[in-house]
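This report covers the pockets and the aromatic contacts of one protein. The structure is shown first.

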Amino acid sequence: MNRPTLSLIAVATALAAVTGFAALSAPEPGEDTAGAAAARLPVERTSLVCPAPSTSDLAETTYTSFTPATDGADGKGAAALHAVDGKAADDGKGGEDGKKDGEKDGAGNDDGEKDGVEQGDEGKDGEKDGAKAGGEKARKPVLEPKEPGKPVTGDASGGEAPALTGTAEGRFAPGWTVQQTTEVAAGTGRGLQGVSCTAPDTEFWFPGASTDSDRTDYVHLTNPDDSAAVVDIELYGKDGALKTVVGDGITVQPNSTEPVLLSTLTETEQTNVTVHVVVRSGRVGAAVQALDDKLGGDWLAASADPSGSLILPGIPKDATAVRLVLFTPGGTDADLKVRLASPSGPITPAGHETVHVKAGMTTAVDLGDVTRGEPGSLVLTPTGRSVPVVAAVRVLRGKGDDQESAFIPAARPVGARATAAGNTAKGTVLAVTAPEGTAKVKVTASAGSEGGTPAAKTYTIKSGTTQHIEAPVPGGLKGTYALTVEPEPGATPVYASRTLTATDDGVPAFTVQPLPDDRGLVSVPRAREDLSVLQK
């Protein structure tokens with residue numbers, strides 16, 4: 001009897017396309033590997049998590065979902081975001097109720113979908129209202145794109161908008177991106193708060209948080225799965241680990257969100273704190289919402305994984321104050337060179353040529369108006385031995401009472417393609433830096449959410465520079481649009497961020513999101529032309 005069997009390479013190829021990961025044993029010495037050269041294939045499934053946007057009654061939130069058209073993607077599929085079933089920490093106001101194992105499971109929150117998110121464009125009809133008559137919870141999508149290449153938007157008002165989780169499959173999976181942007185008119189954290197919804201994971205680093213009295217910082221933990229997740233939160237200040245009260249063993253119930261107020265985890269007030277989120281079981285999405293009484297607020301996204309060299313792209317040219325916050329998680333101190341990649345080339349900040357980071361302690365350096373009227377990116381490299389470090393900067397714009405803050409974490413490279421959704425005709429700026437060599441990047445503006453034709457332009461980024469690019473805009477734009485950034489194949493590593501700006505009563509509101517690879521493609525080994533056949 002003949003029984004055809006897929007080769008190991010073919011099986012791994014299929015797995016990698018779905019999961020983004022595959023592992024194969026190394027070839028034998030002398031084995032011909034030409035037929036198994038790496039290929040780049042579209043992913044077939046991806047998940048995203050968006051934190052609850054605000055507790056302010058004055059909050060106005062816009063969501064934008066977008067998938068770039070990708071060659072080779074499955075012709076079928078769908079993508080949808082749903083509201084989580086409940087808020088485990090009672091809407092995040094106080095934090096203590098949700099920090100103990102087995103606390104609220106969100107099941108009592110019969111408002112499930114919350115009525116709060118209204119799908120825009122063609123998708124509004126039938127996508128409102130969360131709970132069905134009789135108390136049965138609905139899991140209707142609150143944001144559901146119709147086709148790749150065209151964004152879809154949704155809106156929410158007030159402080160009851162829920163966290164969202166979702167999955168994209170088939171042609172909607174490669175590069176699926178969701179932007180959440182909230183404008184708060186007044187009060188603590190007023191201004192523009194933006195965050196790119198992220199894939200759930202098991203570990204996150206957030207240098208730049210605070211437990212100071214003028215800050216209200218929450219770490220939002222959102223569990224997209226059907227089983228509970230258990231999470232530890234570690235805090236590190238200028239002298240090392242902070243004693244926490246209930247930071248260990250936080251249970252995040254299935255399909256639930258848990259906003260944890262950092263100041264309730266420790267009695268120590270510190271201006272600069274590094275937050276380490278470790279998931280013992282399950283997985284969560286995590287982001288820090290940093291709200292200041294006087295300086296507005298924004299989301300602090302996770303830093304890139306600890307590394308000896310880091311890039312923090314896109315400091316605005318009109319930044320009035322820049323604070324660099326660093327942490328090294330190992331047992332060895334780190335010494336780093338500090339350079340600013342400006343439009344004309346690398347610059348060494350006067351008085352801040354290097355920074356010493358003590359092991360296990362948060363280090364903060366005030367760089368002042370380091371950009372001096374020119375946009376730039378911070379480039380951190382080891383002075384000698386390479387020691388893994390995480391980092392972020394807090395950036396201020398404006399003066400006096402009209403100041404606004406935002407955060408830029410160390411970023412992962414753009415890779416094959418990065419995507420930014422939720423752009424507007426005015427107030428959208430791209431920052432692209434190529435610290436190791438000259439690179440060309442293609443920037444494409446999608447169709448608008450309510451109309452418009454795509455536009456594209458190619459830019460040359462000289463080695464060691466940062467270029468602030470007034471992003472191309474779709475012809476006849478109506479609504480918002482998405483941007484994709486694609487370096488030439490084989491180009492030197494490129495890093496990028498997108499800044500959204502607005503002016504509200506003289507306050508220069510802004511938010512910055514790094515643009516890492518959008519995970520649309522995954523490297524997998526090519527399957528050989530002939531399948532292995534076992535003969536009996």
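Strands are DSSP runs of E with at least two residues, helices are runs of H or I with at least four, and both are numbered from the N terminus. The model is predicted, with local features needing pLDDT of at least 70 and side-chain atom pairs 80 or more, while totals for linings use all residues. Residues are numbered from 1 along each chain, and side-chain values use heavy atoms, without hydrogens and water.

A pocket is an open set of points on a 1 Å grid where a 1.4 Å probe fits, with protein on both sides within 12 Å along at least five of seven lines; lining residues have an atom within 4 Å of a point. A volume is the space filled by probe spheres set on the points, which are joined across faces, edges and corners.

| Largest | about 990 Å³ | T198, A199, A302, R412 and P516 |

In the second largest pocket, β32 (439-445) and β37 (481-487) each supply at least two lining residues. The largest share, five residues, comes from β37.

Three aromatic pairs occur in the structure (ring centres within 6.5 Å; planes under 30 degrees apart are stacked, over 60 edge-to-face, the rest tilted). F204 and F206 have ring centres 6.3 Å apart and planes at 15°, so this pair is stacked. Both F204 and F206 are buried, that is, under 20% relative accessible area with a 1.4 Å probe and protein chains only. One aromatic cluster is made up of W205, Y236 and F327.

Key. Rings of Phe, Tyr and Trp (its six-membered ring) pair if their centres lie within 6.5 Å; planes under 30 degrees apart count as stacked, over 60 as edge-to-face and the rest as tilted. Buried means under 20% relative accessible area, exposed over 50%, partly exposed in between (1.4 Å probe, protein chains only).
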